[in-house]
Amino acid sequence: MISPQNYLDDSMGSESPEVESPDENDDRTSVNLDIPQVLPILPLRNTVVFPHQVIPISVGRDKSLKLVDEALSDTKLVQLVAQKDGKLEEPTPKDLYRWGTIASVMKVFKMPDGTQSVMVQGLKRARVAEFTQTDPFLKGLVQVREELKAEGVDIEARVSNVKTLFEKIVSLAPYLTPEHAMLVVNTDSPGRLCDIVTWNLNIANPDKQQVLELIDVKERLEKLNFLLAKELQILELGSKIQSEVQGEINKTQREYYLREQLKAIRKELGEAEDERAVEVEELREKIKSAKMSEEANKVALKELDRLAKMPPAAAEYTVSRTYLDWLIDLPWKVGTEDNLDVKAAHKVLNEDHYDLEKIKKRILEYLAVRKLKKDMKGPILCFVGPPGVGKTSLGKSIARALGRKFLRISVGGVRDEAEIRGHRRTYIGALPGRIIQGLKKANSNNPVFMLDEIDKIGQDFRGDPSSALLEVLDPEQNFDFSDHYLEVPFDLSKVMFIATANLADPIIPALRDRMELIELPGYTEQEKTQIAERYLIPKQRNEHGLSEEQISFEKDAIQEIIRHYTKEAGVRNLEREIASVCRGVAKEIVEGKVEASRISPESLAGYLGAIKFFSQVAERTSRPGVATGLAWTASGGDILFIEATKMPGTGQLILTGSLGDVMKESARAALSHLRSEATALKISNDLFKKHDIHIHVPAGAIPKDGPSAGITIYTALFSLLKNQLVKSDLAMTGEITLRGLVLPIGGVKEKVLAAHRAGIEKVILPEKNRTDYDEIPEAVRDDLEIVFVRDVSDVMKTALMTHVE
């Protein structure tokens with residue numbers, strides 16, 4: 001006996017009795033049948049019927065009911081075909097497979113709900129050649145297709161393999177019984193064997209349909225072997241998984257029973273507490289001594305009670321224990337005492353850093369107020385400046401001056417909000433965010449906490465870390481900071497947060513508004529010399545194992561390194577070059593060539609090679625059409641050259657040098673003003689009409705933008721058209737209008753320092769930037785002549801040399 005599955009031709013259906021599979025020599029399928037060419041076609045949902053298969057079909061659709069009635073009154077033969085989509089209520093010919101099985105209607109059972117259970121037996125494979133009728137039900141021209149017989153050793157081998165695989169599947173599949181295996185083993189016909197095995201397998205209908213459509217028995221055996229191997233693999237894998245899960249469950253249950261027995265034995269022996277009880281009490285004492293906030297203490301005790309009732313083998317046990325460890329280890333009331341001696345702090349700051357008076361003043365002011373008001377909240381500072389000016393090292397110096405612990409995390413490139421706020425405990429391996437992790441590491445609730453490279457924070461689908469920092473860096477909110485992992489508030493108001501950035505613009509406005517921005521501009525040559533003498537040379541001398549007697553630097557040698565071997569706003573490369581010299585001297589001493597070395601400008605080439613940077617200003621501006629401008633960059637500032645030339649043409653303006661839209665507009669504005677004043681300036685209008693003007697800003701690969709090059713472009717064009725040279729020791733910056741006015745610009749201090757580094761002697765600035773004059777270091781003001789201008793006529797009076805013939 002086999003237990004066929006119920007198959008419905010529509011959404012209605014009922015349970016059907018078990019039906020016997022026909023015997024291999026059943027006369028009903030072996031006699032020659034007189035099959036009409038046109039037969040009713042009954043669509044089936046979610047099943048494929050094979051020859052020799054006896055199966056009940058529940059019929060409920062109106063068309064299908066009519067079809068069954070006509071078949072009973074006629075030949076009792078129907079063509080059974082499967083629907084491609086079993087969900088369709090009214091399938092059309094295109095929704096049906098062409099291959100199916102001619103079946104005989106054996107018996108019809110009427111059901112109480114109006115449907116019918118029709119017992120059918122598959123007879124022959126047949127293909128619907130053409131659909132001849134759609135109403136009141138489907139009819140079609142069918143072609144009976146006899147299977148191609150196959151014999152030989154290879155067929156016998158495939159048959160044997162099918163039987164073996166099927167027996168293995170029967171041992172694993174819950175839907176198959178030993179009776180199914182007996183039926184298959186006792187079937188000799190290869191074709192019928194394939195059909196019986198296929199209709200009993202729990203495989204997809206498209207796979208069954210492929211087997212049905214194969215009339216070549218050899219091909220049918222090959223396909224069936226593949227399907228059986230695949231099904232066996234799936235069942236073996238499922239069985240393995242089930243065994244592993246069951247084994248884990250049995251292990252957990254065994255441990256639970258053993259622990260309960262152990263608990264009972266200890267009780268009989270009179271032992272008061274087991275190891276777990278001792279552990280719970282230890283945790284309770286730690287929670288008490290941690291001096292948590294009231295809310296955190298309440299949450300910790302609740303979690304501890306939950307842990308005490310949990311078996312150690314439970315998956316949640318480790319998660320709960322780790323959470324309690326984090327709560328206990330945090331410095332809720334642990335902090336360092338501030339050093340409020342302002343003079344001592346000032347001394348420490350001067351020992352570590354030269355100049356930077358604005359920042360030192362701000363820290364000392366904080367100390368003074370802190371001395372007067374004990375519960376003052378920590379300031380939120382942001383140091384903005386080019387690389388190498390000492391932003392990060394300044395944070396360490398501030399911590400040393402205050403007597404606090406120092407923490408630093410780099411937030412550059414961080415894209416996940418969870419890096420700041422932590423992950424929720426529902427995630428595997430969840431941890432608090434880097435703020436809470438840092439405080440635990442420092443074991444202090446009032447460290448100096450540096451957030452490095454805050455302008456380089458990213459964002460993506462995982463959230464916006466900048467927005468997560470809004471709460472951290474807001475003194476009005478951070479006393480109640482809630483990490484996703486802890487889910488209890490932690491007071492960050494005592495922490496002194498210091499952020500660093502190369503640029504302020506990339507920082508989102510809401511975050512920038514919460515911080516006190518302090519700019520660190522680039523250093524002057526004099527300042528770099530002092531920094532090298534006081535800090536860099538002693539540091540590198542010590543790191544290379546050299547004494548003061550073994551190596552010393554002349555002041556001129558230091559200035560030579562600054563001028564010709566480095567080109568930066570900070571001192572990072574300067575320190576590298578000094579380190580290179582120290583390595584060279586150390587090598588000479590070890591080799592016995594010298595006992596000591598005094599570094600002079602002349603000896604530098606032997607250690608550092610040929611000079612890397614030299615002034616190009618005089619050379620570049622030796623022809624009309626070239627002017628020197630000043631630009632603000634992330635590294636502090638730089639000079640740039642504007643080159644203009646003319647050639648025969650049609651009056652076009654050509655702009656090259658990777659210029660941005662704003663800079664291109666400045667060039668057009670400068671040219672338009674020159675053309676509008678051509679008569680007054682004694683410039684021929686034909687020159688504009690018959691010549692193309694090309695403006696280029698080297699280096700071409702570096703993008704450039706901004707309006708501050710306006711007067712430089714104007715000067716280069718004026719120099720070209722009037723054939724007058726621009727002074728080689730002069731640089732300028734300022735925005736130009738169509739009326740020739742010079743408007744103020746930003747980054748004055750950085751631009752002037754860049755001019756000073758490049759050996760410029762005179763700088764032209766807009767009159768409205770006169771208020772920025774005091775920010776320029778006094779030493780630079782003494783070396784430079786700064787000229788303030790209102791319009792382009794003032795610029796030309798200052799910038800141009802005599803006429804060139």
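Strand β13 (residues 496-501) has six of its six residues buried, so the rest of the structure largely encloses it; buried means under 20% relative accessible area with a 1.4 Å probe, protein chains only. Strands, like helices, are DSSP runs numbered from the N terminus, with at least two residues (E) for a strand and at least four (H or I) for a helix. The model is predicted, so local features need pLDDT of at least 70 and side-chain atom pairs pLDDT 80 or more, while totals for chains, interfaces and linings use all residues. Residues are numbered from 1 along each chain, and side-chain values use heavy atoms, without hydrogens and water.

Met496, Ile498 and Thr500 lie on one side of β13, and Phe497, Ala499 and Ala501 on the other. Strands pair if DSSP finds at least two bridges between them. The pairings of β13 are as follows.

| Partner | Bridges to β13 | Direction |
|---|---|---|
| β8 (residues 380-384) | five bridges | parallel |
| β10 (residues 448-452) | four bridges | parallel |

Cys382 stands opposite Ala499, and Val448 opposite Met496.

Glu577 belongs to helix α20 (residues 572-591). Glu577 counts as buried because its relative accessibility is 11%. Leaving out residues up to four places away in sequence, Glu577 touches Ile561, Tyr565, Thr566, Leu608 and Lys612, where contact means heavy atoms within 4.5 Å.

The second largest pocket holds about 650 Å³ of space. Of its 24 lining residues, His353, Val389, Gly390, Ser393 and Glu575 are the closest to its centre. Elements giving two or more residues to this lining are α13 (391-402), α18 (525-543) and α20; α13 gives the most, with five residues. A pocket is an open set of points on a 1 Å grid over the protein atoms alone, where a 1.4 Å probe fits, with protein on both sides within 12 Å along at least five of seven lines; lining residues have an atom within 4 Å of a point.

Notes:
Buried means under 20% relative accessible area, exposed over 50%, partly exposed in between (1.4 Å probe, protein chains only). Grid points are joined across faces, edges and corners, and a volume is the space filled by probe spheres set on the points.
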